[in-house]
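Morning, everyone. I have one structure to walk through today. Have a look at it first, then I'll start with charge pairing.

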Amino acid sequence: MQNWFLLFLMILALYCAVGVASPTGVNSSWLISAARSGDVKLTRFWLAMGAIPNFKTTLGRSAIVAALPAYNSSAKQDERKEIIKLLVSKGATLTKLDSTG
């Protein structure tokens, strides 16, 4: 099963590398999902694939907001902290959380 996941990631990386998915859209949306789920490795992967750390959804939510406990109650605190530190190191800002404040 793990081999299928690795194969999926390799195909996805190739898909993104050839320019089919723009970093402002698909990659960045997946970055937000990875941050919300508390998956540090996947968050690093999407950042490496060119996802924009400050990309926001139509509700104004960014990856850094998705990593906060209010949106991510199932992830461990250490995972959330590591993701937030990683996003900030890649240029994510904390000026406005989302459209709801």
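**Salt bridge and surroundings**

The count of salt bridges here comes to one. Keep in mind that this is a predicted model.

Which residues form the salt bridge? Arg-44 pairs with Glu-82, and their closest N and O atoms lie 2.9 Å apart. That pair links distant parts of the chain. Arg-44 sits in helix α3, Glu-82 sits in helix α5, residues 77-89, and 38 residues separate them.

At the start of α3, Asp-39 puts a side-chain oxygen within 3.2 Å of the backbone nitrogen of Lys-41. Just after α3 comes Gly-50, with a positive phi of about 105°.

Next, the whole chain. How many helices and strands does it have? Five helices, zero strands. The pattern along the sequence reads α-α-α-α-α.

The chain has 101 residues, and 33% of them are buried. Take the contacts with a separation of 6 or more: 67% come from residues 24 or more positions apart.

Last, the surface. The chain exposes about 6400 Å². Carbon and sulfur atoms supply 63% of that area.

Note on methods
Residues are numbered from 1 along each chain as its sequence is written. This is a predicted model: local features need pLDDT of at least 70, side-chain atom pairs count only at pLDDT 80 or more; totals for chains, interfaces and linings use all residues. Side-chain values use heavy atoms; hydrogens and water are left out. A polar contact is a pair of N or O atoms within 3.5 Å; within protein, one must be able to donate a hydrogen and the other to accept it, and residues adjacent in sequence count only if both atoms are side-chain atoms. Helices (H or I, at least four residues) and strands (E, at least two) are DSSP runs, numbered from the N terminus. Buried means under 20% relative accessible area, exposed over 50%, partly exposed in between (1.4 Å probe, protein chains only). Contact means heavy atoms within 4.5 Å. Accessible areas come from the Shrake-Rupley method with a 1.4 Å probe; for residues, only the protein chains shown count as cover. A salt bridge is a side-chain nitrogen of Lys or Arg within 4 Å of a carboxyl oxygen of Asp or Glu.
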